[in-house]
Amino acid sequence: SDGLKMAKQLDKKGTRTLGVLTKLDIMDKGTDAKKVLLNQEIPLKLGYIAVKNRSKQDLIDKISMEEMQRREKNYYILSIIFISLSHFNSCRKSSS
């Protein structure tokens, strides 16, 4: 990605860069972020984190941050990708 290319210019060893993956909930079928999340594709010392942002419709519907956090947690708990990465997924381990 352009972001990682820019980060590489400023952090050549990847020791200060944290990768953030967004929009995993709308990835094309057959796209797999597992290798990236396991830090196997483009290794970064701090690794990667996945986030599910609010959609335009969520903003229109004025969905609260608390509700969005609940939805994000449920998405990752139920997602096949993240079930297989559950030992890396702090969402599954947190209590709410």
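Reader: Leaving aside its neighbours within four places in sequence, which residues is glutamate 72 in contact with?

Author: Ala50, Val51 and Lys52. Contact means heavy atoms within 4.5 Å. This is a predicted model: local features need pLDDT of at least 70, side-chain atom pairs count only at pLDDT 80 or more, and totals for chains, interfaces and linings use all residues. Residues are numbered from 1 along each chain as its sequence is written, and side-chain values use heavy atoms, with hydrogens and water left out.

Reader: Where is glutamate 72 found?

Author: In helix H4, residues 65–78. Helices (H or I, at least four residues) and strands (E, at least two) are DSSP runs, numbered from the N terminus.

Reader: Why does glutamate 72 count as buried?

Author: Because its relative accessibility is 17%. Buried means under 20% relative accessible area, exposed over 50%, partly exposed in between (1.4 Å probe, protein chains only).

Reader: New topic. Which residues make up the largest nonpolar core?

Author: Nine residues: Leu21, Leu24, Ala33, Val36, Leu37, Leu44, Tyr48, Ala50 and Tyr76. Helix H2 (34–37) and strand S2 (48–51) each supply at least two residues of this core. A nonpolar core is a set of buried Ala, Val, Leu, Ile, Met, Phe, Trp, Tyr and Cys residues joined through side-chain atoms within 4.5 Å. Ala50 from that core is also one of the contacts of glutamate 72.

Reader: How many helices and strands are in the protein chain?

Author: Six helices and two strands. From the N terminus on, the order is α-β-α-β-α-α-α-α.

Reader: And what share of the protein chain counts as buried?

Author: 27% of its 96 residues.
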